Amino acid sequence: MRDLFLRVRRLPGRYVSPAFLVAALLLPVALDNYLLAVLWQAGIYILMALGLTIIVGYAGLFQLGQAAFYAIGAYTVAILNLYLGVPIILGLPIAVILAGALGYLVSRPILHLRGDYLAIVTIAFGEIVRMLLVNNVFGVTGGANGLSGIAQLSLFGFTFDSIVKNYYLVVACVALTIIGVQRLENSRLGRAWTYVREDELAAEAMGVDTVHVKAVAFVLGSALASLAGVLYASRITVISPDIGRFLESVIVFCIVVLGGTGSLPGVFLGAFGMVVLPELFRFVKDWRDGLVGLAMVLMMIFRPAGLWPSRRVALELSGAEEGET
Amino acid sequence: MELFVQNIINGLTIGAFYALVALGYTMVYGVLKLINFAHGDLFMWGAYLGWAGLSLVALLGLKQGVWALIPVVILVMATLALLGALIERAAYRPLRSAGRLPPIVSALGAAFILESLARNIFGASYKTYPGWAEVTGSITVVGGVTVGVMQIIALIASLLLMAILYLFVNYTQVGTAMRAVSLDHDTARLMGIDVNRIITLVFLIGPALGGAAGLMVAVRYGSFDFTLGWTFGLKAFIAAILGGIGNIPGAMLGGMILGAVESLGAGYISPQWKDVIAYVLLVVILLARPTGLLGERVAEKL
């Protein structure tokens with residue numbers, strides 16, 4: 001088993017990813033709608049976690065308020081759709097840009113401070129957003145009950161109205177995001193993130209504008225969470241402030257860290273562990289959160305680097321030169 | 001003016017509770033640079049254990065009355081001290097050298113476990129403290145400003161606990177060792193300090209104070225459920241940052257200020273924005289004075 005795992009890991013990425021994609025495309029044939037909905041949900045979390053991978057994994061910043069940006073995305077398209085009749089497809093870019101801008105505004109003033117402060121401020125920001133939604137700010141958020149009757153995403157007359165269609169939509173979004181994030185990781189910006197994460201002082205001395213590259217990571221990560229929120233709102237069509245709960249942010253954070261910080265395959269494993277497994281283990285009911293917590297503690301003790309550690313991070317930790325393998 | 005004074009007094013009472021919980025956060029952050037997310041839930045457990053203790057008193061047919069609170073408080077503090085040290089030993093110590101992220105996830109996991117245990121053992125409904133455990137009556141200070149007797153007792157108890165801690169940390173040898181560990185583990189070790197023992201001690205003291213606060217909050221507000229820990233814990237951590245993280249008098253000051261500001265905000269703006277006011281205060285402090293009001297006392301990790 002372990003041998004098989006190692007062999008899969010050694011396969012070049014160019015075989016693994018397409019194989020994975022083909023499997024994802026074929027799954028609707030084999031699964032019923034319930035399981036497909038679970039996978040769709042996992043896909044939404046994967047999108048959020050990919051955003052957080054940029055922030056936590058690449059740039060090394062603590063962000064524990066990803067659900068707030070998710071809620072901002074969902075509520076933005078919902079409000080635009082319900083009050084102004086803007087179709088989802090037009091609301092999507094607005095929601096994504098708005099979340100990115102807010103991500104910049106939240107992070108920029110405190111990026112130069114100690115990392116833990118960023119964690120606390122993002123938690124506080126998440127709570128502020130949730131309170132604004134609950135308290136029905138400007139009378140448009142529907143208070144604690146939330147909003148209902150949101151339109152579904154439709155593109156050139158094609159409406160994403162079934163779980164299968166929405167599943168493929170999420171798979172497409174995840175695939176495109178993976179390609180984008182992978183290219184980012186290996187770009188000049190990606191190297192700057194790694195540099196800042198490993199040694200901020202040295203990075204600054206080498207002429208990296210540390211605050212700027214960190215802010216860019218934050219903006220991109222927030223925008224991706226918002227995209228996930230848009231997809232969520234347009235399939236479920238009912239949203240409530242609960243989607244912005246701290247618990248959701250914790251789940252996304254744990255997906256990233258449990259899978260292996262900064263590792264893209266890790267995000268999938270993490271989402272499987274944090275979203276799919278608990279969903280399938282619904283029968284344990286009230287003990288579910290406690291079991292998830294126990295799993296988190298045990299995972300960290302026995303595999304602190306995550307299930308599928310990023311190769312780059314592992315190399316840095318072992319002190320070897322990159323590309324020496 | 002009366003409303004103002006009344007709000008300040010109410011705010012200082014709740015602020016004293018914030019301060020007690022903030023001490024646990026700030027001490028742990030001081031020695032480990034870890035936001036102990038499980039601390040808020042330990043505080044919540046204090047409320048539950050106090051409730052269980054008082055129920056036991058009634059069940060055994062012991063003398064009911066306010067005085068029963070004293071042994072219950074002591075038992076709650078002792079239990080939570082052990083629980084806190086257990087969590088440190090089981091969930092944090094194995095991760096001491098694992099970097100910054102794994103301990104945070106482990107702490108969140110421990111928080112989940114504590115919350116789930118509370119919900120499953122005590123049930124999801126609100127718990128109410130028995131009426132006989134409360135001192136009724138209030139004192140009129142000036143004009144229309146009244147202070148409950150229970151409020152005064154809680155305030156004095158909190159201040160007393162904080163005073164003992166302050167004296168302990170500043171004027172005993174072990175307290176000096178504790179301050180040394182929060183400055184630099186390696187140097188402290190070279191000076192002959194058993195760092196692990198000091199960290200265990202911190203995890204005994206913090207949860208004990210938090211547990212006492214949990215019990216007093218529950219007595220003061222009457223009812224609570226298993227979600228008590230999260231919001232209160234977050235705000236207590238904000239209080240710790242407000243005063244300067246790692247700084248023990250700072251945590252006390254931060255708690256008091258947070259309580260007062262929140263109470264004034266609830267009184268003059270609207271109670272439903274109370275929590276938002278606390279979070280906005282955090283952002284303002286970080287922008288204006290990132291090291292907190294009294295300055296932070298932690299060594300930078302290089």
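This is a predicted model: local features need pLDDT of at least 70, side-chain atom pairs count only at pLDDT 80 or more; totals for chains, interfaces and linings use all residues.
Reader: Which element gives the most to the side of chain B that touches chain A?
Author: The contact takes 31 residues from chain A and 33 residues from chain B, where two residues are in contact if their C-beta atoms, placed from the backbone, lie within 7 Å. On the chain B side, the elements giving two or more residues are α4 (101-122), α9 (228-243) and α11 (274-288); helices (H or I, at least four residues) and strands (E, at least two) are DSSP runs, numbered from the N terminus. With 15 residues, the element that gives the most is α4(B).

Reader: How many nonpolar residues has the side of chain B that touches chain A?
Author: For the classes, Ala, Val, Leu, Ile, Met, Phe, Trp, Tyr, Cys and Pro count as nonpolar, Asp, Glu, Lys and Arg as charged, and the others, Gly among them, as polar. That side of chain B has 3 charged and 5 polar residues, and its nonpolar residues number 25.

Reader: How are α1(B) and α5(B) oriented to each other?
Author: Two packed helices are described by the angle between their axes and the distance between the axes. For α1 (residues 2-32) and α5 (residues 149-171) of chain B, the axes come within 9 Å and cross at roughly 30 degrees; axes are lines fitted to C-alpha atoms, for helices over the stretch in contact, and angles run from 0 to 180 degrees between N-to-C directions. Angles under 35 degrees count as roughly parallel, over 145 as roughly antiparallel, 65 to 115 as roughly perpendicular and the rest as oblique. The orientation of α1(B) and α5(B) is therefore roughly parallel.

Reader: How many charged residues are in the contact of α1(B) with α5(B)?
Author: Among the residues making this contact are Leu12(B), Phe17(B) and Leu23(B) of α1(B), and Leu155(B), Met162(B) and Leu165(B) of α5(B). The contact divides into 12 nonpolar and 3 polar residues, and the charged ones number none.

Reader: Is the crossing of α1(B) and α10(B) left-handed or right-handed?
Author: The axes of α1(B) and α10 (residues 248-268) of chain B come within 6 Å and cross at roughly 140 degrees, so the two helices are oblique to each other. A crossing is left-handed if the near helix is turned anticlockwise from the far one by less than a right angle, and right-handed if clockwise. The crossing of α1(B) and α5(B) is left-handed, while that of α1(B) and α10(B) is right-handed.

Reader: How many nonpolar residues are in the contact of α6(B) with α8(B)?
Author: The axes of α6(B) and α8(B) come within 10 Å and cross at roughly 100 degrees, which makes α6(B) roughly perpendicular to α8(B). Val174(B) of α6(B) and Ile198(B) of α8(B) are among the residues that make the contact. No polar and no charged residues take part, and the nonpolar count is 8.

Reader: Near what value is phi of Lys33(B)?
Author: Most residues other than glycine have a negative phi. Lys33(B), in the loop between α1 and α2 (39-59) of chain B, is partly exposed, with 19 other C-beta atoms within 10 Å. Its phi is positive, near 55 degrees.

Key: Residues are numbered from 1 along each chain as its sequence is written. Chains are lettered from A and ligands numbered from 1 in the order in which they are written. A residue is buried if 20 or more other C-beta atoms lie within 10 Å of its own, exposed if 12 or fewer, and partly exposed in between; C-beta atoms are placed from the backbone.
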